[in-house]
Amino acid sequence: MSAVAQGRPLSKVVIIGLGLIGSSFARGLKKWQLCEQIVGCARSSSTLEQGLALGVVDAVETDLGRAVQGADLVFLSMPIGATEKILSSIAPHLGKNTIVTDAGSVKGCVVEAAKRVFGTVPENFIPGHPIAGSEQSGVAAGKVDLFLHHKVILTPVSGHCPKAVSKVSELWEAMGAEVILMHHDAHDKVLAATSHLPHLLAYSLVDTLAKDDENLEIFRYAAGGFRDFTRIAASDPVMWHDIFLANRAATLEVLDQFTEGLAHIRAAVDTANSQDMLGVFTRAQAAREHFSTILSQRAYLESMSESIKEKQATFILQPGEQVSGTLRVPGDKSISHRSIILGSIAEGETDVEGFLEGEDALATLQAFRDLGVVIEGPHNGRVKVYGVGLKGLKVPPGDLYLGNSGTSMRLLAGLLSAQDFSVTLTGDKSLSKRPMGRVADPLREMGAHITTEQDGSPPLAIKGNPCLFGITYKMPVASAQVKSCLLLAGLYSDSTTVVEPAPTRDHTERMLRGFGVSVDQKGDTVTLQGGQTLKACSIDIPADISSAAFFMVAASIAKDSEILLEHVGINPTRTGIIDILRLMGADISVQNEKQVGGEPVADLVVRSADLKGIDIPERLVPLAIDEFPVLFIAAACAQGVTRLTGAEELRVKESDRIQVMADGLLALGVDAEATPDGIIIQGKGSDQAGVFSGGCVESHGDHRIAMAFSVASLRSRGEIQVANCANVATSFPSFVSQAQKVGLKIVAKDA
Ligand code: S3P
C-alpha cells in the first residue's frame, strides 16, 4: 500500500516554486515530519541555492520531468500564470498515484489549465488555496507556522479521488490549518471580494498618490491609516498581475459594485450630505466590529458562531458568603429595543442614554441599520437614531438575523408586516424553536402575509402589506411582546385594540406617548389610532430591574449583606419581583423615586433576610415573568415550600425555564418538582449554611438560568459550575465583573 493511502509520511514531495508559500509549505512538511525527502524546483538558480543552504529542501532539480518522477506529491506554488506550462512539462512524467495540488489564488483558471493539458482534470489533481501569506516574498521569507490557524480552501471537482483529497487535507491540517472544501467558482467570487479587490485598491491608491511629485511629501508623514490601508501594495507584482488576469470576471463584478459605492460616497461628500455619510460609516463600522467578533470567536449576532458559542463560557463559582456594595446594572432591555424601533420610525433625531449594549438590543439596532436607518453608537450607552418616519424604512440587503432575541422578532414582525417590501426574520437555535404563531395569527387577521415553519416557529417570511386593517384582539396569553407587535402594526392601520388577560409591561405605550402618539388605555384595553406621526425625543433608559433581580436575591439570601442598586426602573408592570420577594420576607427599601422620561425609577436597598416559602399569587406572574429563575433560587433558600402556578409561559422562554431550573435545582441537591404550569420547591431554610450541594448545572444557553445559578453559590457547600453561559451577553454583558464587585466568587472560563 502507498504512503498516501496509509497516512504515513510521504517519501518524496516536489515543490515547484520556492517563494513564500512554497518554502513555508516545505518548512511545515519538515517540522511535522510529513515526508522523507523534499525536492525543490525554481526558475532561478540562486533561489535553489538559497533553498538548499537554508535547509528548506533536501535536493534541487532544474529538470521538472526528472524532478517529479517517483514523487508521492507535487505542490505547485509558482505564480499562477505559469500553471499550464508547468503542468505540460510534468504531465508525461507523473506516476499513476502521484497527487498534484497547488496554492494558486484563483481556482477556475487552474481547473481549466488542467483540462487543457490532461484532457480532463485528473482524479489525483486537487486544486487548493491557503488563505495565508504576507506582503513579503522569496524563499527566505517562508515561515514554518505560516498556515497555523489559517484556512485552506480545496476545490476538488466531482469524481476526484477521495483518498487524494484526504491526503492533501491531512497535510494542511498537520500544519495547523483548517481545510474547507468549496466549488472553484464560489472560491473565485469570495476571493475577488475579500482579497483581490483590496489588493487592487491598495496598488491603485499608492500609484495615484505617488505619481504626483508634490504628493511624495505625504509618504514622509504617512502613518496610521495610509500605512494600514496600503500595506498590501508591497506584494509581489507578477503574482498579482497573474491573479487579476486569472480572475477577471469576478474581480470586475466586485470592482463595479465598489465603484458604485464610491460614487455614492463621493456625492455625499460633494453635497455635504451628513446623513448619507454617517449611514455608510456607521454601517461599515458595525459590520467591521461584527466581523472581528466572529474572527475572534466571541459570541455575537451570527448564526455561524452558534457552534462556537455553545462550547464557550462556563461560569465557575466558589461558595461565597456575603455580598455588599453599590451597583448600577445595565439599561433595561425592553426599553432599549423600543428606543431603537420607535426612534427609527419617528421624524427627527432621537437621543438615547443608558442603552443596553447587550446582544439582544444590538440585534434590534443592527436590524434597523439594515433597514436603512442611520444610527450612531452605541458609545457608553449613548445612541443617536436618525428617524426615517413611518414610511421611510428600506428593503434590507438580506434576511434580518435577530440572534437570541424573541422581543426583536415579535416586535419587528408587527412593524414589518406593514411595509411595502418583503423581509425574512431569522434567529439562533433557541429563537428558531420559539412560538411565533402568537404574533403571526393576529397579524394575519390584520391582513399581513406571514409564513412560518409548520409549527409556527421562525424563520418568519413577511410580505409587507401597507394597507393593514385594524382589529380588536383579545390576547389568549398575557404577552407584552404580542401587544407591542400589534400596536406597532396598528400605527399603519385605522384603529387597533388589544385586550389583555392580565397586565403586562407597558413600555411601548409609555414610549409612544413620549413620541407624541396618543394611546388610549382603559382597564385591560389599549387602543391606538393609526397614521399618527412620531416626533423624535430624548430617552433616558433606567437600569433593568430584570438584571437587578439577581442582586436583589443575592443580598437577600447571603448573610450580613446589603446592596444598593441605583436608578432601577420600577414601572409597576415590572415590579412583581419586589412584591414576591417581600411576600417571602425580603428586606427591600425603595428610595429616591422619580420619573425619567415617562418611566418611574428608584434606588433599591436590599438587605439579608430570613425568607419563607409562599404560594406565589398568579396575578404577579406576568409582572415578574423574567425573574422566576432567580426567584426559584430564593425559594430554595427559604423556609418551607414555595409553589408557583399559572406560569406555563416559562416553558417557552429562551429555554423551558421550569424544567431546566427543576433539573438544575435537583442536581444541586434541592427538592424541586416541575408541574405543567409551575414548580414546587422544598426550601431548605435560611438557618442552614449550605442550601446547595455544589456541582454542575446546564444553563441550556439561557442567560437568566446561567445568572440565577451563579447567585446560588452564595449558599452553596461546594463549587458550582454553570455550563453554556455565553448568552449572558444578550442581556447583561458585564454580569461577571459586577458580580465579582459585590463579592460573588465567579470566574468565566472559555471551554
Ligand atoms: C418582553 C416581554 C416579555 C418578556 C421578555 C421581554 C418585552 O415576553 O419575557 O423578556 O420586551 O416586551 P412576553 O411578552 O412573551 O411575556
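This is a predicted model: local features need pLDDT of at least 70, side-chain atom pairs count only at pLDDT 80 or more; totals for chains, interfaces and linings use all residues.
Residues are numbered from 1 along each chain as its sequence is written, and side-chain values use heavy atoms, with hydrogens and water left out.

**The domains**

Begin by colouring domain 1 (3-182), domain 2 (189-272), domain 3 (315-324 + 543-750) and domain 4 (333-540), whose bounds come from an automatic or database domain assignment. Between the C-alpha centres of domain 1 and domain 3 there is a distance of 59 Å.

**H15 and H16**

Next select helix H15 (residues 333-345) and helix H16 (residues 359-370), which pack at an angle of about 10° with their axes 9 Å apart. Helices here are DSSP runs of H or I with at least four residues, strands are runs of E with at least two, and both are numbered from the N terminus. Axes are lines fitted to C-alpha atoms, for helices over the stretch in contact, and angles run from 0 to 180 degrees between N-to-C directions. H15 and H16 are therefore roughly parallel to each other, a term used for angles under 35 degrees.

To see their contact (heavy atoms within 4.5 Å), show Lys333, Ser336, His337, Ile340, Ile341 and Ser344 of H15 together with Asp360, Ala361, Thr364, Leu365 and Phe368 of H16. By class, this contact of H15 with H16 has 5 nonpolar, 4 polar and 2 charged residues, where Ala, Val, Leu, Ile, Met, Phe, Trp, Tyr, Cys and Pro count as nonpolar, Asp, Glu, Lys and Arg as charged, and the others, Gly among them, as polar.

Two strands pair if DSSP finds at least two bridges between them, and E13 is joined to strand E14 (residues 382-388) by 4 bridges in an antiparallel run.

**A second open sheet**

Another open sheet of 4 strands, also with mixed pairing, has the order E15-E16-E18-E17. Strand E15 (400-401) and strand E17 (449-451) stand at its edges with a single partner strand each, so one side of each is left without a neighbour in the sheet. E15 pairs with strand E16 (residues 422-426) in the parallel sense over 2 bridges, and Tyr401 has Thr426 in E16 as its bridge partner.

**The hairpin of E21 and E22**

Now move to strand E21 (residues 519-522), which 4 bridges join to E22 in an antiparallel run. The hairpin of these strands has 2 residues between them, and here Gly523 takes a positive phi near 55°.

**H21 and H22**

Finish with helix H21 (residues 545-557) and helix H22 (residues 576-583), which pack at an angle of about 20° with their axes 10 Å apart. Show Ile545, Ala549, Met552 and Val553 in H21, which meet Ile577, Ile578 and Leu581 in H22; the residues of this contact divide into 7 nonpolar, no polar and no charged.

Definitions and conventions: Angles under 35 degrees count as roughly parallel, over 145 as roughly antiparallel, 65 to 115 as roughly perpendicular and the rest as oblique.
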